[in-house]
Structure formats: C-alpha cells, structure tokens
Amino acid sequence: MNSLIYLGMRGDIIHPGIINIIREGAKRGELLVGLLTDSAIANHKRLPYLTYEQRKSVIENIKGVSRVVPQEEWSYVSNLRKWKPGAIIHGDDWKTGPLQKERDDVFAVMAELGGEVIEIPYTAGVNSSALNNAIREVGTTPDIRLGMLRRLIENKKIVRIMEAHSGLSGLIIENCEMIKEDGLHSFDGMWSSSLTDSTCKGKPDIEAVDLTARLQSMTDILECTTKPVIFDGDTGGKPEHFVFTVKTLERNGISAVIIEDKVGLKKNSLFGTDVKQELAEIDDFCAKIAAGKRAQVTRDFMIIARLESLIAGFPVSDALQRADAYVKAGADGVMIHSKEKTGEDIKEFCEKFRAAHKHIPIVLVPTTYNTWTEKELAGWGANIIIYANHMLRASYPAMVNAANSILENERSFEADSFCMPIKQILELIPGGK
Ligand code: SPV
Ligand code: MG
C-alpha cells in the first residue's frame, strides 16, 4: 500500500477531534489534507468564517500534516482519483447522518484504487454545533461581515437573503436551518428594507426615515447576528449625501447598498399603476454611482444599481440600456424590479443582461412573481434572491389575531394556543437567566 493518507476537512474550527484524526493519520503515513474550498462548502454548509487561505495557513502548521491541497468539491471522489492515496481517514460518525452517500462513494472509489478506508472512533464530547453556537456568541467584526457577501456570491449558486426589521427577526434569520437532501439550507444574509423599517416606525415608505433612524434598527440587528446585510438605500438622495451613506454603511460592516433610479418623491415600487414613478436621467444616476464608488474605503463594499424601468412602465430594452450604463459607471451589480406576476419580463431581462455581462451579479426580489423557485431564477442568471418583506408581513396578522382574541374573550386564555409559551420566550435570548 502506498503511504499517502488522505484527510478531507473544512478546517474552520480546530478542536481536539481534528487534532486526534490528524495524529491518527500521521501515524500511518504521509498525511495529505484535502482542504475544502469555499465553493465546495457553500452549497452544503455555512460558509466558513475564515477564507481558504487563512484556513490553509492554520492547517499546514499543525504537527503531522505533510501537505495541504484544495478539495474543490463536496464529494471526495475526484480528489481521491487525482491523488490516489493508499488510504483515506475519516471519523466513524459519517456512518449515519447526511454524509452517508459521500461515505458509500468513498468506499467505491477506494476499492477501485485498491486503497483502504480507515474509520476512527468519533471523539466524544466534541459537538460541532455547540462550537458553532460558541462562535455565534463571540460574534463577528464589521470587516468579516462586510466581506462575506462577495464570498457568498462567488461561491454559491444562489445567495438567499431575508428581510430583517428588528433584532428578533434578525435572530430568526441567523438561526433558521433545515437539512435537506442536498445539505443544510439556511438564509445567507439579511435585507434591511425601507418598506418594513418605515412600516415598523409607523411611517410611509417615502424616504421619511433618515439614515440615522434606519441605522438604529440596523444596530439592533448587527448586535445579535453575524450574517451579511444588504441595505435598501432608496434613491440614495443627492450624490453629495450618498457618499456619506456609503461611508457610514461600510463603517458598520454592511456589505452592499442598493439604490434605485427614481427621482421626485419616492413611492414604494409595488403600489398600483396609478402611482407615477419618474425615472432618473441616466447620466445623473451614473454620476451618483460613481461618486459612491469613489467614496468607499474598503475593496469589498458593493453598490448595486436598481432598475425601475419595468415599474415605471418602460420596456425591458430601457432597463437593459440603463443597466449597461450603470455597470460602466461602476455598479457592482444590478437589481431589476417588476410587479408583473408572470416574471416573464424579468426572465427576458436576466437572459439578455447575462449574455452581455457574464459576471455582474443580478439581484431579484420575487415578491409578485413568487411561483418561480430559487433554482429556476438561478437558471435565468440570478445570483441573489431577496425575500423583501416576509418577516414583517408574517408577524402583523399574528399580532392582530392575538389582539382580537383578547378583545373578543376579555381574557388571554384563548390567545395562549397561538402564542409562544412564556418559558420559550424567556429562553430565546441567551444570558437572561
Ligand atoms: C423594500 O423592501 O423596501 C424594497 C423592495 O425596496 S420593494 O418593497 O419591493 O420595493
Ligand atoms: Mg425600499
């Protein structure tokens, strides 16, 4: 048997279980670590806190590791075929749970290569979800959070963003997870919506809530979450104002701002056709984008241009012409909006824009054309899907129900059946006891 031993790992959190498996592998031969790249991980698990290069520099300095090479896929198979190790080593915990298929594939390919699969007992007492929770408690830094969105776009087929309007809704987005056949599903980040933030404050969505007030709700969200934030910058105001907005958002670790090409009193885009929307002159909007790009301090912050042509009754060709100009002016991505239910106009835009711009991210907000799935929208060329108002829209009827039930029954007994139990709410936020 050749003495090359393969160990695949993410290497984001180093714990005694990992040190044990490295020791066991190194005892048996020359240990080759296949370090999963961000894109290998991103469609299956949470994106690592550390970049590939940071993780590599940690792992290659651990005693017993001979060499670190990238594993570009979630499956071990192509790397095993490439490196042809005499053995692969893995914890025996993969006999059950979501890695069973990967395990079967590894056995098959190692049989083909005439190698061995070494399974070592899982190190008791190490619980990776407890470690993950501990990392959440430590929190994040504005730098790490800000850079996360670009990493997600580069490494995920579709980046899933959910609206947050309070610390509590942010916490739900942070923690909501579902294991499906293809791995862990969760939200990748949060949308700070002008509609839901102003609604929470009892104001209409007409840029009546200034940046300072918007940032107050943002601070609550930032304090209890680690995921990246995309900020709804409305029209961005005047270029002179927008440069301050960009700097303020960056300083707070926000990853991106989206500004829309409307002028005059801004109205919410989803209002009926009787609400007239006036579009900005292309040159003026380009100047605003360019001013924002010049003002930004970090490399990673993104300014995304939102096209309101379809909302204002203009054809897809108008949106495409504007999109070209905005990209030339420096926009890091485009968001196209529509209130058509079919989504056909959006599909046409995406396909034509994608043909002309291979790598500029497309953001969609499928509030009205919501029968299309994320996979289908990704097939049109979309990179980011924003669910723009669902946390707030879900909470309002629930609150009205409770209020009505108490009025109706003149006591709260009946409302208990659809309210969260007191014990659960007391335990929801750690540190209360
Ligand atoms: C928001 O969420 O405030 C948006 C998206 O701008 S929309 O309400 O659809 O215009
Ligand atoms: Mg808005």
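Modeller: Start with one side chain: that of Thr 248 reaches the backbone oxygen of Phe 244, at a distance of 2.8 Å. Keep in mind that this is a predicted model. Thr 248 sits in helix α11, which runs over residues 239-251. Its relative accessibility is 15%. Buried means under 20%, so Thr 248 counts as buried.

Now go to the ligands. Which residues surround ligand 1? They are Trp 191, Ser 193, Ser 194, Leu 195, Asp 232, Asn 268, Ser 269, Leu 270, Arg 306, His 337 and Ala 388. Look at the polar side-chain atoms here. One from Trp 191 lies 3.0 Å from an oxygen atom of ligand 1. One from Ser 193 lies 2.7 Å from an oxygen atom of ligand 1. His 337 also places a polar side-chain atom 2.7 Å from an oxygen atom of this ligand. How much of ligand 1 does the protein cover? On its own, ligand 1 has 280 Å² of accessible area, and the protein covers 100% of that.

Two residues from that surrounding list, Ser 194 and Asp 232, have a further partner. They coordinate the magnesium ion, ligand 2. Ser 194 uses its OG atom and Asp 232 uses OD, at 2.1 Å. Ser 194 belongs to helix α9 (residues 194-200), while Asp 232 belongs to strand β10 (residues 229-232), so the pair ties together parts that are 38 residues apart in sequence.

Arg 306 leads on from the ligand to the charged pairs. It is among the residues around ligand 1, and it also forms a salt bridge with Glu 260. In that bridge, the closest N and O atoms are 3.6 Å apart. Glu 260 lies in strand β11 (residues 256-260) and Arg 306 in strand β14 (residues 302-307), so this pair ties together parts 46 residues apart in sequence. Glu 260 has a relative accessibility of 1%, so it counts as buried. Arg 306, at 7%, is buried as well. Glu 260 has a second salt bridge, with Lys 262. There the closest N and O atoms are 2.7 Å apart. Lys 262 is buried like Glu 260.

The model has 29 salt bridges in total. Another of them joins Asp 38 to Arg 151, with the closest N and O atoms 3.0 Å apart. Asp 38 lies in helix α2 (residues 38-42) and Arg 151 in helix α7 (residues 142-155), so this bridge ties together parts 113 residues apart in sequence. Asp 38 is buried, at 9% relative accessible area. Arg 151 counts as buried at 12%.

Now move out to the surface. Leu 168, Ile 172, Met 420, Ile 422, Ile 425, Leu 426, Leu 428 and Ile 429 form a nonpolar patch there. Together they have about 740 Å² of accessible area. Which helix gives the largest share? That is α17, with 4 residues. Helices α8 (167-175) and α17 (422-428) each supply at least two residues of the patch. Met 420 comes from the loop between α16 (390-409) and α17. It is partly exposed, at 37% relative accessible area. Ile 429 lies in the segment after α17. At 44% relative accessibility, it also counts as partly exposed. Ile 429 is 205 residues from Cys 224 in sequence, yet their C-alpha atoms are 9.5 Å apart.

Finish with the backbone in two loops. The loop between α16 and α17 also holds Glu 410. Its phi is near 55°, a positive value in a residue other than glycine. Glu 410 is exposed, at 73% relative accessibility. Glu 207 has a positive phi too, near 60°. It is found in the loop between α9 and α10 (211-223). Glu 207 is partly exposed, with a relative accessible area of 32%.

Technical notes. Residues numbered from 1 in each chain as written. Chains lettered and ligands numbered in written order. Predicted model: local features only at pLDDT ≥ 70, side-chain atom pairs only at ≥ 80, totals over all residues. Heavy atoms only, no water. Patch = residues over 30% accessible without salt bridge, like charges linked within 9 Å, V, L, I, M, F, W, Y side chains within 5 Å. Areas by Shrake-Rupley, 256 points an atom, 1.4 Å probe, with all protein chains shown as cover. Salt bridge = Lys/Arg side-chain N within 4 Å of Asp/Glu carboxyl O. Buried < 20%, exposed > 50% of the residue type's maximum accessible area, 1.4 Å probe, protein only. Near = heavy atom within 4 Å. Polar contact = N/O pair within 3.5 Å; in protein donor to acceptor, adjacent residues only side chain to side chain. Donors = N, O, S within 2.8 Å, 3.2 Å for Na, K, Ca; no water.
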